[in-house]
Amino acid sequence: QVQLVESGGGLVQAGGSLRLSCAASGRTYAMGWFRQAPGKEREFVATINWSGGITYYTDSVKGRFTISRDNAKSTVYLQMNSLNSEDTAVYYCAAGSRMSHSNGDYTYWGQGTQVTVSS
């Protein structure tokens, strides 16, 4: 059983930056970040493999967001720059056995952290 705890969310002005963290209680393999805006389905944001050498992003965040991990600290990060109002959502981290864009491929989920971008 792996527990995931996100932190780092908050209120930021458009154009600003935030860094989300996800601390894991155990060993994890592929990690992902997802987000869910009000009235919308949860959507894929980014994923990273065990070593951190392979990453994938959804098109809307490419060039603005960076996923990374520090396995010594059992922590995954999501650096978010140039934020806009469409990035407002609850952000969730997830752990699974392989990298995927699909919610169903991840076994463990955090409780989520709210990111609100004001225009």
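In this predicted model, the count of disulfides comes to 1. The bond joins Cys22 to Cys93, with an S to S distance of 2.0 Å. The link of Cys22 and Cys93 is right-handed, with 50° about the S-S bond. A disulfide is a covalent bond between the sulfur atoms of two cysteines. Cys22 and Cys93 are both buried.

The largest nonpolar core has 26 residues. Trp33, Leu78, Met80 and Tyr91 have the most contacts inside this core. Several strands give two or more residues to the core, among them strand 3 (18-24), strand 4 and strand 5 (43-48). Strand 7, strand 8, strand 9 and strand 11 (113-118) also give two or more each.

Charged side chains form a further set of links. A search of the whole structure finds 5 salt bridges. One of these salt bridges joins the side chains of Arg35 and Glu43, at 2.6 Å from N to O. Glu43 is partly exposed, because its relative accessibility is 36%. Arg35, in contrast, is buried, because its relative accessible area of 5% is under 20%.

Arg35 also forms a salt bridge with Asp87, where the closest N and O atoms are 2.9 Å apart. Asp87 lies in the loop between strand 8 (75-80) and strand 9 (89-96), and Arg35 lies in strand 4 (residues 30-36), so the pair ties together parts that are 52 residues apart in sequence. Asp87 counts as buried, at 1% relative accessibility.

A salt bridge also links Arg64 with Asp87, the closest N and O atoms being 2.8 Å apart. This pair connects distant parts of the chain, 23 residues apart. Arg64 sits in the loop between strand 6 (55-57) and strand 7 (65-70), while Asp87 sits in the loop between strand 8 and strand 9. Arg64 counts as buried, with a relative accessibility of 15%. Through shared partners, the salt bridges join Arg35, Glu43, Arg64 and Asp87 into one network.

Strand 7 has two faces. Phe65, Ile67 and Arg69 make up the covered face. Thr66, Ser68 and Asp70 make up the uncovered one. Strand 7 pairs with strand 8 in the antiparallel sense, over 6 bridges. In this pairing, Asp70 stands opposite Thr75 of strand 8. The two strands form a hairpin, with 4 residues between them. In the turn, Ser74 has a positive phi of about 50°.

Leu11 is exposed, because its relative accessible area of 66% is over 50%. Leaving aside neighbours within four places in sequence, Leu11 is in contact with Thr116 and Ser118. Leu11 and Gly39 are 28 residues apart in sequence. Their C-alpha atoms are 19 Å apart in space.

How values were computed:
Residues are numbered from 1 along each chain as its sequence is written. This is a predicted model: local features need pLDDT of at least 70, side-chain atom pairs count only at pLDDT 80 or more; totals for chains, interfaces and linings use all residues. Side-chain values use heavy atoms; hydrogens and water are left out. Buried means under 20% relative accessible area, exposed over 50%, partly exposed in between (1.4 Å probe, protein chains only). Contact means heavy atoms within 4.5 Å. A salt bridge is a side-chain nitrogen of Lys or Arg within 4 Å of a carboxyl oxygen of Asp or Glu. Two strands pair if DSSP finds at least two bridges between them. A nonpolar core is a set of buried Ala, Val, Leu, Ile, Met, Phe, Trp, Tyr and Cys residues joined through side-chain atoms within 4.5 Å. A disulfide is a pair of cysteine sulfur atoms within 2.5 Å.
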